[in-house]
Amino acid sequence: MNRNNTLSLSVMSGKGGVGKTNIILNLGYALNRERMKVMLMDCDLGLANLDVLLGISPERNLHDLLRSDVDTEDVLVCIEEGFDMLPATSGIPELVEMDEDLQDILFRKLINLAGEYDYLMLDLGAGISNTVLSFATLPQLRIVVVTPEPTSLTDSYAMIKVLATQRGIKDFLVIVNQATSPAEAAQTFERLDAACRNFLNIELRNLGFIHQDRTLVEAVRRQTPLLKFAPNSPAAKDISAMARKIMRYREDNRERILGRPILKDFPSL
Ligand SMILES: Nc1ncnc2c1ncn2[C@@H]1O[C@H](COP(=O)(O)OP(=O)(O)O)[C@@H](O)[C@H]1O
Ligand SMILES: [Mg+2]
């Protein structure tokens, strides 16, 4: 296990339905095409749906990991070679309600395998429940997905504020999704960034934007990742470019980011 080679990140948003799950799935796909080894983890314990986007029904899920006879390998689903997914299921008991022994079991099983991947990517539920905040705190990086809708902006700001004030987190990457033009995307980022600078003294990092694209809606209907369904669609091209940006970011910040543990210890949540 090489602890220093795995980049862990979570994709999150204040508001639901902004595109987190589609983004993480397709980013994972794009990174895998660049020969990266990727593990996606569905951490949306309320409305797990990575499996739905892939059109699969996994036999086991995150919850089964709590059993002593089940290992992470038994739960992982292979999407493509070097691209695996750890499914959740709707209605798993809230993580923070588990006692420390259970959290510890889950953590140790995950961490054993996480080091074998280049990227460990956590798909979070929306909102600011304690479970969401805990999962947001675990990885090395956090990506906030925001759309140009005013409600998405205010909810993203609220989420960043809670993570900054209650958990001391100050570094956030931002993806603007469902933008109709580069200008609209830039304005959306600037609004969120200005609020965070003025009221929280936090500077956000812009990872770029994804066009609003009906092809993505069609890919969801067909339960096929957009990058597989229509690799030349505008949104697919945006996501591919973003994956390359994340790879550069990882290389440029190798010392700073990869020096941190892949996941913080669950018991200290
Ligand atoms: N770039 C986009 N263009 C068009 N529609 C999008 C785009 N991103 C997301 N959507 C729509 O939003 C829906 C919700 O996306 P999803 O990834 O499930 O969001 P979340 O995980 O944030 O709840 C998709 O099914 C799709 O209809
Ligand atoms: Mg989702």
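Colleague: Which residues does serine 240 touch, not counting those up to four places away in sequence?
Modeller: Serine 240 touches Ala30 and Leu227, with residues up to four places away in sequence not counted; contact means heavy atoms within 4.5 Å. This is a predicted model, in which local features need pLDDT of at least 70 and side-chain atom pairs count only at pLDDT 80 or more, while totals for chains, interfaces and linings use all residues. Residues are numbered from 1 along each chain as its sequence is written, chains are lettered from A and ligands numbered from 1 in the order in which they are written, and side-chain values use heavy atoms, with hydrogens and water left out.

Colleague: Where does serine 240 lie, and is it buried or exposed?
Modeller: Serine 240 lies in helix H10, residues 234–252. Helices (H or I, at least four residues) and strands (E, at least two) are DSSP runs, numbered from the N terminus. Serine 240 is buried because its relative accessible area is 18%; buried means under 20%, exposed over 50% and partly exposed in between, with a 1.4 Å probe and protein chains only.

Colleague: What about serine 8: where does it lie, and what does it touch?
Modeller: Serine 8 belongs to strand S1, residues 7–12, and is buried at a relative accessible area of 0%. Leaving out residues up to four places away in sequence, serine 8 touches Leu120, Pro139, Gln140, Leu141, Ile262 and Leu263.

Colleague: Turning to helices, at what angle do H6 and H7 pack?
Modeller: Helix H6 (residues 150–167) and helix H7 (residues 182–200) pack at about 35 degrees, with their axes 10 Å apart. Axes are lines fitted to C-alpha atoms, for helices over the stretch in contact, and angles run from 0 to 180 degrees between N-to-C directions.

Colleague: Which residues of H6 and H7 make the contact?
Modeller: H6 contributes Leu153, Ser156, Tyr157, Ile160 and Lys161, and H7 contributes Thr188, Arg191, Leu192, Ala195, Cys196, Phe199 and Leu200.

Colleague: Which residues of H6 are buried, and what covers them?
Modeller: The buried residues of H6 are Ser152, Leu153, Ser156, Tyr157, Met159, Ile160, Val162, Leu163 and Ala164. Their cover includes S1, helix H5 (130–137), strand S6 (141–146) and H7. Just after H6, glycine 168 takes a positive phi of about 70 degrees.

Colleague: Which value does phi take in glutamine 178, and in glutamine 223?
Modeller: Glutamine 178 has a positive phi of about 60 degrees although it is not a glycine, and phi of glutamine 223 is near 50 degrees, also positive in a residue other than glycine. Most residues other than glycine have a negative phi.

Colleague: Where are glutamine 178 and glutamine 223 found?
Modeller: Glutamine 178 lies in strand S7, residues 173–179, and is partly exposed at 30% relative accessibility. Glutamine 223 sits in the loop between helix H8 (214–221) and helix H9 (226–229), and is partly exposed at 36%.

Colleague: Finally, how many disulfides are there?
Modeller: The count comes to zero disulfides, a disulfide being a pair of cysteine sulfur atoms within 2.5 Å.
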